[in-house]
Amino acid sequence: MPVRAPEPRPASGNARVRRVERARDALRRAAPALAFYAAARLTGMAMMAAWAWWIGRHPRTLLGHSWDGIWYAGIARHGYGLVLPSPTTRGVVFNDLAFFPLFPGLVHAVSTVTPLTVVSSGLVVAWLSAGAAAWGIYALGERLYGQLYGRRAATLLVVLWGLLPHAIVQSMAYTEPLMTALAVWALYALVTGRPVWAGALSLLAGVSRPNAVAVAAAVVCSCALLLLRDRDARTNWRVWAGAALAPLGWTGYVVWAGFRSGGGLFGYFEVQRLWGSRFDFGKDALRFVRHLIVGRDAMAYYVTVAIIAVALVSLVLLALERPRPPLPVLVYAVVLVVIAVGGSSYFASKPRFLLPAFPLLVPAALALARARPGTALTAVTALAGMSFFYGTYLLTVARMPM
């Protein structure tokens with residue numbers, strides 16, 4: 001499906017009412033998928049919570065105040081400014097400027113206007129974002145494949161996203177649900193001919209996570225293709241505005257953080273390097289895979305290898321899928337996979353970095369939509385069991401950064 005050119009605004013004063021009615025109708029259609037998604041995530045959290053209580057750990061702390069969640073909570077409480085040398089690794093310096101500001105900013109806002117603590121506010125923001133992301137995934141899937149498969153493919157796309165092995169992250173006070181929500185609605189805006197909305201949502205996504213540059217890449221490539229193909233679009237200010245807005249959030253924070261860190265224009269990348277994160281075209285990942293082959297390590301690392309392999313295969317299948325996915329959807333998925341695979345260090349976190357890459361689930365969702373109901377139910381049940389078990393393992397047993 002090609003990306004649509006922007007449509008002229010309706011002149012009727014009832015346009016806003018019609019938009020509200022369309023949104024209600026869209027939410028009504030998505031309700032079964034959202035119910036399945038909520039059931040999946042609540043079951044996963046309940047299983048994790050039961051085991052956490054059994055071993056004497058608090059589920060709220062595990063979900064809302066562990067690993068990166070501690071850093072986000074600190075920024076929400078006190079702002080930026082915390083720099084800590086690693087107590088275990090020489091040359092590694094932890095600087096909170098590595099974390100983008102939108103999520104902790106929203107957490108701070110919620111904790112300010114409600115009686116909730118910062119940790120509880122982080123969970124509320126993450127859960128609401130996950131719901132918005134699930135709705136957006138359904139809406140995009142229905143838009144792209146509804147004529148062929150009805151609502152089945154869109155529903156399965158949401159269910160599969162909620163049953164990823166590492167889907168427990170969608171229930172944590174992490175930024176991936178927020179970025180996914182902004183990204184999927186930006187892509188939806190593109191395929192429905194709303195480049196300004198796409199650019200604005202991309203701008204917001206750009207201040208949510210470092211790999212949200214994938215959203216900006218998708219919007220800019222889509223607008224550029226439209227300008228090349230459609231002569232009328234070249235005089236449409238909305239196309240130019242969407243392309244201009246898209247990268248502003250990401251580049252704005254990177255530049256600001258660079259100067260705030262004292263490193264100048266590119267200082268943010270030095271902050272990341274001191275954390276141990278840099279782009280090395282996958283060399284570090286290949287070294288770690290070799291280590292897993294010749295030696296032994298924790299189960300999470302082997303699952304990570306499997307997830308990366310499946311992601312690469314899914315990317316190829318997505319590119320070959322018929323009907324072919326729109327260019328921005330494919331660009332978005334490619335950039336996310338390249339960043340996740342090509343980045344160094346924090347090997348066990350790579351599945352989390354791929355969590356916003358929901359288009360990779362399209363081939364599996366379409367295959368299940370074509371399959372017999374019994375076959376699809378068996379596959380989804382097996383995925384659910386694996387997701388609930390592995391999510392519990394990650395939060396309560398595994399001793400590695402997520």
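A cavity is a set of points, on a 1 Å grid over the protein atoms alone, where a 1.4 Å probe fits but cannot get out. A search of the whole structure finds four cavities of 30 Å³ or more, a volume being the space filled by probe spheres set on the points.

The model is predicted, so local features need pLDDT of at least 70, side-chain atom pairs count only at pLDDT 80 or more, and totals for chains, interfaces and linings use all residues. Residues are numbered from 1 along each chain as its sequence is written, and side-chain values use heavy atoms, with hydrogens and water left out.

Select Ala348, Pro351, Tyr390, Leu394 and Met402. Of the 13 residues lining the largest cavity, these are the closest to its centre; lining residues have an atom within 4 Å of a point. This cavity holds about 100 Å³ of space.

Go next to Arg322 and Pro323, which are joined by a cis peptide bond with omega of about 0°.

Now select Trp67. Its phi is positive, about 50°, although Trp67 is not a glycine. Trp67 counts as partly exposed because its relative accessibility is 39%; buried means under 20% relative accessible area, exposed over 50%, and partly exposed in between (1.4 Å probe, protein chains only).

Finish at Phe281, another stop for the backbone. Phi of Phe281 is near 60°, a positive value in a residue other than glycine. Is Phe281 buried or exposed? Phe281 is exposed, because its relative accessible area is 69%.

Key
On a 1 Å grid over the protein atoms alone, a cavity is a set of points where a 1.4 Å probe fits but cannot get out, and a pocket is an open set with protein on both sides within 12 Å along at least five of seven lines; lining residues have an atom within 4 Å of a point.
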